[in-house]
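Please keep the sequence and the structure in view while reading.

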Amino acid sequence: MSSAANSPTALAESLLGGNRRALSRLISWAENGHPGFPAVLEAIYERVGRAWRVGVTGPPGAGKSTLVNELALQLRRAHDLQVGILAVDPSSPFTGGALLGDRIRMEELTADPGVYVRSMASRKSHGGMARAGVDACDVMDAFGIERILIETVGVGQAEYDVMGACDTVVVVMCPGAGDGIQAMKAGILEVADVLVVNKSDLPGADRLYADLVEAAHVRAARPMAAGHHGASARSASPEPEPDASGAWQVPVIQASAGRGEGIAGEASVLEAVANHRAYLEATGLDNARRQKRFAQVRRIVDEELDSRVWSRSDLEDRVLAALKAGSTSYDIARDLVVELIDGLVAQTPQEETA
Amino acid sequence: MSQAHTSESARQLWEAALEKSRTRDANFTTLSGTELKPMYAMEDARLDYDADLGYPGQFPFTRGVHPSMYRGRLWTMRQFAGFGTAAQTNERFRFLLANGQTGLSTAFDFPTLMGYDSDDDISLGEVGQVGVAISSLRDMETLFEGIPLGEVSTSMTINGPAPVMLAFYIACGERQGVDPAQLRGTIQNDILKEYQAQHAWLVPPEPALRMITDVMSYCATNVPQFNTISISGYHIREAGSTAAQELAFTLANGMDYVRRGIAAGMDVDDFAPRLSFFFDSHLDFFEEIAKFRAARRIWARKMRDVFGAKNPKSWMLRFHTQTAGVSLTAQQPENNIVRTAIEALAAVLGGTQSLHTNSMDETLSLPTEKAVKIALRTQQVIAEEHEVAHVADPLAGSFFVEAETNRLEADAEAYFKEIDSRGGVVACIDAGYIQREIHRSAVIYQRAIERGTKKVVGVNVYNEGEGKPEIDIHRNDKGVEAEQRERLSTLRSERDSAAATRELEAIRAACDNGDNLLERFVAAAHADCTLGEICGVLRDAFGKYKEPKIL
Amino acid sequence: MERKIRVLIAKPGLDGHDRGAKTVATVLRDHGMEVIYSGLHQTPEMIAEAALEEDVDVVGLSILSGAHMSLFPRIREELEKRDMKDVLLTGGGIIPEEDMAALEGDGFAKLFGPGTHTGEIAKWIQETMEARWAKENSDA
């Protein structure tokens with residue numbers, strides 16, 4: 001693309017005009033933290049909000065990609081909806097690279113112009129990945145995509161944060177996948193809106209189903225069902241108001257994505273998602289979404305602060321010198337924080353301190 | 001074997017001397033990463049002669065499947081061939097037979113291997129490139145023009161659409177006036193390893209396995225001299241597995257076929273004698289010989305003691321071997337003649353029934369006539385000039401070889417246990433376990449070569465820099481695709497379309513009601529249905545296979 | 001800005017031999033790249049569409065079936081149709097020298113034959129992309 005076509009204004013226009021190349025390029029901008037991205041988001045923001053964002057997570061081997069593929073096919077064939085898929089895989093902590101192989105299970109979708117499939121690596125910074133994930137969804141949303149399926153492997157903080165930004169979270173498990181529930185990152189089951197027993201034709205499926213039904217009951221019975229998406233160090237959003245119509249009952253769906261079972265129709269994943277949507281719309285969707293945006297604001301602030309603080313070249317040397325001199329980490333950090341906050345205050349113009 | 005040990009002090013002296021002596025800067029492992037000892041002695045090779053070795057032609061067949069081995073009959077020299085049109089391959093077949101080849105082996109092009117006609121859109125650019133294009137019975141007849149199917153044994157390397165190709169062969173024989181009961185040969189038809197390694201599949205595992213049992217039962221009655229499956233390790237090995245994995249996964253697949261044959265209602269002795277095998281012969285000379293021996297022993301034990309087969313023919317593991325394609329280099333291609341010769345020798349010392357030797361130019365293109373002749377002569381030199389064919393299982397009793405045979409058997413057993421614990425072969429395929437094991441070994445091997453711990457002459461040692469190889473290479477004829485289009489067009493206009501359609505409908509019905517599909521395929525072949533048309537019906541009925549995520 | 005080299009490794013046509021493609025994909029990951037593996041039996045349209053959706057910097061094709069002279073140019077055309085002319089096009093497999101030369105003169109930046117050290121491929125991609133990005137930054 002020529003450099004003129006690469007300006008924020010041009011790309012925003014192109015995106016809203018339905019240009020897939022622009023969509024693709026803007027997601028890269030979001031991923032890379034391109035300085036032009038915030039301007040683009042502002043230009044397209046009024047078109048953001050129509051897409052329903054469904055997170056699909058679970059341990060490796062649960063069949064998530066196959067399930068996502070089937071859900072997408074159904075959304076296309078039965079409802080002719082524009083579908084976007086974001087497939088997130090972990091980056092290697094050693095090399096920083098990643099093998100993104102989810103597309104292999106979504107072949108038919110590549111040929112369908114009504115589906116957009118994008119693979120994303122978690123990269124280094126946890127908050128950064130969640131931010132990029134939300135940004136990518138916003139771009140797809142503004143483009144006109146109506147259903148976004150976000151697939152992550154449910155074992156990392158970053159992935160947990162991405163799930164926290166979804167309207168409906170589907171947690172997929174399958175029999176024989178190691179220790180089942182125990183293997184899942186603590187908290188993932190807490191954020192599930194829909195639980196799925198995939199590969200339900202395999203031995204052990206009934207047992208897993210029973211375990212998950214039990215887990216769902218336990219969660220529903222807890223007096224403070226800690227907010228819709230729980231609380232954590234990274235995505236701490238203030239607790240939502242308790243709703244008037246009662247808490248959402250997490251359904252457990254039996255499916256066999258490889259055989260196309262449990263995808264649509266009665267007692268299916270899509271039905272559960274639709275029900276959850278109806279529930280949220282009845283109990284204050286805007287408020288729920290705002291809480292998630294708050295988490296996004298926090299992430300961006302954290303990332304910005306982090307980069308501003310540690311981009312100062314003298315800081316590392318000072319800290320190392322202080323450590324060498326025998327100060328504890330706490331002492332050093334406390335002094336640093338005080339200095340930074342004083343500095344912030346000192347820079348604040350008078351009008352803003354009202 | 002006597003139980004006397006070497007005296008302790010002599011061993012200690014040797015060990016001390018070894019410590020003091022220089023060690024070359026080299027890697028003393030097999031390709032598979034197995035550490036080799038500097039020397040093997042009696043204590044390394046524990047075995048019970050009668051239980052573990054026996055005699056050639058006797059359980060457990062470690063020493064060979066025939067009493068006389070090569071004194072009775074040399075292995076079949078069976079060079080894999082195929083390219084372009086049926087007429088062009090027919091010419092190559094006749095060239096090879098005239099030069100002393102004793103059995104035919106057919107290579108098909110990718111459209112054929114994947115069940116598409118030469119004129120399908122998806123076949124564009126691929127027709128006749130890596131093998132011969134066969135879209136119809138007419139093509140099959142041209143392929144075997146002047147070659148009496150009642151007298152020559154033919155191997156066909158095809159898997160997904162194998163039952164259809166076998167039907168074409170049977171129908172072709174019938175048109176030549178040969179009774180199917182007279183047909184001899186092998187159809188590879190080993191779909192499990194396709195999902196694991198070669199990836200030339202058609203439909204998902206369950207319907208594919210049903211078609212295989214259909215082939216087994218049809219042939220048991222009508223084509224009893226034909227080997228219905230060539231249970232293959234070659235492709236698994238070429239995809240990057242270790243020798244132990246090749247052995248284990250192949251035999252695990254074999255056992256799965258046996259289980260399914262029995263589940264389909266056949267007596268194991270009805271079909272087991274016609275199961276055959278196909279192994280790689282790779283660079284590690286002694287490990288390969290041990291692998292072949294271990295394979296025979298394991299299979300015999302499983303067939304008799306686990307599956308309860310009564311016919312000794314069911315216990316015998318007969319196999320074809322191909323020398324390792326991946327061991328060849330594009331750099332200094334003449335060196336490949338040497339590699340192939342050594343690998344061929346290992347196969348002979350390992351007791352193979354049939355052998356294909358690679359041509360030196362195969363990393364560059366399909367073999368030229370000159371190169372394939374040298375490859376054939378390699379086998380003939382081994383057979384005629386060296387005395388290796390005079391004695392059955394000549395390496396028996398070698399401490400090293402027996403130790404390796406034992407080790408490989410144990411490694412394979414460990415894998416069988418693991419596969420069972422994970423729900424069997426098909427479950428392992430669905431979960432990607434076998435594919436990942438193979439990929440992991442492939443990456444380890446690649447790293448070893450790139451780091452230089454595994455030496456490859458011409459690549460990381462004794463290189464001669466960039467430069468075009470100075471040999472002629474085979475170039476495919478550009479007119480093949482056009483010719484095939486015309487042939488198919490003519491066929492479709494000349495045949496009885498109504499009859500062809502009826503046969504395709506009958507196939508669809510059999511897919512649904514469980515009737516024997518091979519029977520329907522033979523009828524469809526005679527009605528001039530094309531390969532693509534028949535496979536199209538199968539894809540519609542059973543769905544297309546989609547590979548799992550491995551990376 | 002954190003940029004990673006994004007590579008699509010694809011298997012065009014009916015050839016099912018993926019040992020090389022998977023090995024190269026793994027090695028590129030080991031060199032810090034984000035590698036999307038397309039799987040087998042891809043048509044030129046599927047490859048180009050995936051390249052577009054993933055906004056890749058590099059498309060690497062692997063083929064051992066002799067059909068490269070038919071498939072590779074079609075893939076290049078499909079990329080051009082999608083305004084992806086700038087993607088770095090590379091590949092390898094069983095491709096005779098003359099064909100490599102022909103393809104390198106026709107939109108393919110570089111092709112690699114059998115026996116190529118995979119580190120060489122990674123290095124070439126890294127150096128080429130770094131040079132490109134440096135130029136982009138200085139042009140901007």
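## Chain A and the basis of the model

Among contacts in chain A between residues at least 6 apart in sequence, 77% join residues at least 24 apart, where contact means heavy atoms within 4.5 Å. This is a predicted model, in which local features need pLDDT of at least 70 and side-chain atom pairs count only at pLDDT 80 or more, while totals for chains, interfaces and linings use all residues. Residues are numbered from 1 along each chain as its sequence is written, chains are lettered from A and ligands numbered from 1 in the order in which they are written, and side-chain values use heavy atoms, with hydrogens and water left out.

Chain A holds 13 helices and eight strands, these being DSSP runs numbered from the N terminus (H or I of at least four residues for helices, E of at least two for strands). Of its 354 residues, 50% count as buried; buried means under 20% relative accessible area, exposed over 50%, and partly exposed in between, with a 1.4 Å probe and protein chains only. One buried residue is A130(A), at 0% relative accessibility, which lies in helix α6 (residues 126-143) of chain A. Leaving out residues up to four places away in sequence, A130(A) touches A158(A), D161(A), V162(A), Q296(A) and R299(A).

## A mostly covered helix in chain B

Helix α22 (residues 531-542) of chain B has 12 residues and reaches 16 Å from its first C-alpha to its last, close to the 16 Å expected at 1.5 Å a residue, the expected span being 1.5 Å times one less than the number of residues. Nine of the 12 residues of α22(B) are buried, and the helix is thus mostly covered. The buried residues are L531(B), G532(B), E533(B), I534(B), C535(B), V537(B), L538(B), R539(B) and F542(B). Their cover includes α4 (110-113), α6 (162-176), α8 (205-222), α19 (480-494), α20 (497-513) and α21 (517-526) of chain B. Just after α22(B) comes G543(B), which takes a positive phi of about 85 degrees.

## Helix α18 and the loop after it

The 19 residues of α18(B) should span 27 Å at 1.5 Å a residue, and the end C-alpha atoms are 27 Å apart, which agrees. G452(B) follows α18(B) and has a positive phi, near 85 degrees. In the loop between α18 and α19 of chain B lies G458(B), a buried residue with a relative accessible area of 5%. With neighbours within four places in sequence left aside, G458(B) is in contact with Q331(B), Q332(B) and N463(B). The C-alpha atoms of G458(B) and Q332(B) are separated by 6.2 Å, although the two residues are 126 apart along the chain.

Y462(B) is placed in the loop between α18 (433-451) and α19 of chain B, and has a positive phi of about 50 degrees although it is not a glycine. Y462(B) is exposed, with a relative accessible area of 66%.

Two packed helices are described by the angle between their axes and the distance between the axes. Axes are lines fitted to C-alpha atoms, for helices over the stretch in contact, and angles run from 0 to 180 degrees between N-to-C directions. In chain B, helix α3 (residues 86-98) and helix α15 (residues 369-385) pack at an angle of about 35 degrees, with their axes 11 Å apart. R92(B), F95(B) and L96(B) in α3(B) meet E369(B), V372(B), K373(B) and L376(B) in α15(B). By class, this contact has four nonpolar, no polar and three charged residues, with Ala, Val, Leu, Ile, Met, Phe, Trp, Tyr, Cys and Pro counted as nonpolar, Asp, Glu, Lys and Arg as charged, and the others, Gly among them, as polar.

In chain C, the axes of helix α1 (residues 19-30) and helix α5 (residues 118-139) come within 9 Å and cross at roughly 55 degrees. The contact is made by V24(C), V27(C) and L28(C) of α1(C) and T118(C), I121(C), A122(C) and I125(C) of α5(C). By class, the contact of α1(C) with α5(C) has six nonpolar, one polar and no charged residues.

## Further backbone features

The peptide bond from F59(B) to P60(B) is cis, with omega near -5 degrees, and P60(B) is found in the loop between α2 (49-53) and β1 (76-77) of chain B. In chain C, H41(C) has a phi near 60 degrees, a positive value in a residue other than glycine, and its place is in the loop between β2 (34-37) and α2 (44-54).
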